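Please look through the structure shown below and follow how its parts are arranged and which side chains meet. The report after it moves from the overall fold to particular contacts.

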Amino acid sequence: MPREGDGMSEHLNNEGSLLAEVGASDERAFETIVRHYFPRLLPFAIKITKNRAVAEDIVQEAFLRLWQHRAEYEKILFLRAWLFTVVSNLSLTYIKRLAREGKLLQHLRDFSDTARSDVAEQLQFRESGNVIARAVDRLPPQQQQIYRLSRYEGLSIPEIAARLQLSPNTVKNHLVRALQSVRDFVRKAGLFWF
C-alpha cells in the first residue's frame, strides 16, 4: 500500500475513468481508488479524531459510502475533495457525539484508555457500564437496535431511518423512548446520568 510522501501525486491521473468503472461496479477500479487514497485519508482522520482505530473505521466508512452510491458517480466532480469531505464530516460527527454524550458511556471509554490508581473508582465505573448494558438489553429489539446505531455507531436519525427502512419520525420516537428507559433504569440503580 502506498504511503504518504511516496512520490505519488495527490490525485489519480485517470480519476474520471476509474469513477465511471466504479459506477459500473468494477471492484478493481474501486481497489485502485482505495489503495491510492487510504494512506492520504487516514492521517487526516487521525488528526481530527486523535484515535487511530476510530480513524480507520471512518475512512473505511467513506469508501463504503462511495461503493454504496457508485450509481451516482457523476455527481462526484472531484473525487479527492469528495473523499476528504466525507471523512471530515464523519470525523466531526464522531467528535460531536463524544461531546454530546459527555455522559457515563464516554467516561467509561476514556476510563478504559487511561491508567487510574483508584481501585474503588475503577469498580464504580465498571458497575456503571454494566448497569447501562443491562438497561439497553432490556429494551424492545427495535429500540435496542436504534439505540445502538445512534449511541454506539454515531448514526443520525435520517441515517438510521435509511438503514432500517423506517420513517425518521419512527426512529426518533423509538430513540426517545429508549433513552428515557435507559435513564430511568440508571436512576433506579442509584447511578448518576451525566
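In this predicted model, the secondary structure of the chain comes to 9 helices and 0 strands, and from the N terminus on the elements run α-α-α-α-α-α-α-α-α. The chain has 194 residues, of which 38% count as buried. Among the contacts between residues at least 6 apart in sequence, 63% join residues that are at least 24 apart.

## Two helices in contact

Two packed helices are described by the angle between their axes and the distance between the axes. Helix α1, which covers residues 15–23, packs against helix α2, which covers residues 27–49, at an angle of about 130°, and their axes are 8 Å apart. Angles of 65 to 115 degrees count as roughly perpendicular and those over 145 as roughly antiparallel, and α1 and α2 are therefore oblique to each other. On the side of α1 the contact is made by Glu15, Leu18, Glu21 and Val22, while α2 contributes Ala29, Phe30, Thr32, Ile33 and Tyr37. Sorted by class, the contact of α1 with α2 has 6 nonpolar, 1 polar and 2 charged residues.

## Aromatic pairs

A pair of aromatic rings is described by the distance of the centres and the angle of the planes. A search of the whole structure finds 3 aromatic pairs, and two of them are set out in the table.

| Pair | Centre to centre | Between the planes | Arrangement |
|---|---|---|---|
| Phe30 and Phe63 | 6.5 Å | 90° | edge-to-face |
| Phe44 and Phe84 | 5.1 Å | 65° | edge-to-face |

Phe30, which also takes part in the contact of α1 with α2, lies in helix α2, whereas Phe63 lies in helix α3, so the pair ties together parts that are 33 residues apart in sequence. Both Phe30 and Phe63 are buried, and together with Trp67 they form one aromatic cluster.

## Salt bridges

The structure holds 5 salt bridges, and the following ones can be traced residue by residue.

In one of them, the side chains of Glu56 and Arg52 meet with an N to O distance of 3.1 Å. Both residues lie in helix α3 (residues 52–68), where they are 4 residues apart, about one turn of the helix. Glu56 counts as partly exposed, at 27% relative accessibility.

Another salt bridge joins the side chains of Glu159 and Arg65, at 3.0 Å from N to O. Because Glu159 lies in helix α8 (residues 157–164) and Arg65 in helix α3, this pair ties together parts that are 94 residues apart in sequence. Glu159 is partly exposed, with 28% relative accessibility.

## A buried residue in a loop

Leu139 is found in the loop between α6 (119–137) and α7 (141–151). With a relative accessible area of 5%, Leu139 is buried. Which residues is Leu139 in contact with, leaving aside its neighbours within four places in sequence? They are Gln144, Tyr147, Ala178, Ser181 and Val182. The C-alpha atom of Leu139 is also separated by 9.2 Å from that of Arg177, a residue 38 residues apart from Leu139 along the chain.

Notes:
Residues are numbered from 1 along each chain as its sequence is written. This is a predicted model: local features need pLDDT of at least 70, side-chain atom pairs count only at pLDDT 80 or more; totals for chains, interfaces and linings use all residues. Side-chain values use heavy atoms; hydrogens and water are left out. A salt bridge is a side-chain nitrogen of Lys or Arg within 4 Å of a carboxyl oxygen of Asp or Glu. Helices (H or I, at least four residues) and strands (E, at least two) are DSSP runs, numbered from the N terminus. Buried means under 20% relative accessible area, exposed over 50%, partly exposed in between (1.4 Å probe, protein chains only). Axes are lines fitted to C-alpha atoms, for helices over the stretch in contact, and angles run from 0 to 180 degrees between N-to-C directions. Angles under 35 degrees count as roughly parallel, over 145 as roughly antiparallel, 65 to 115 as roughly perpendicular and the rest as oblique. Contact means heavy atoms within 4.5 Å. Ala, Val, Leu, Ile, Met, Phe, Trp, Tyr, Cys and Pro count as nonpolar, Asp, Glu, Lys and Arg as charged, and the others, Gly among them, as polar. Rings of Phe, Tyr and Trp (its six-membered ring) pair if their centres lie within 6.5 Å; planes under 30 degrees apart count as stacked, over 60 as edge-to-face and the rest as tilted.
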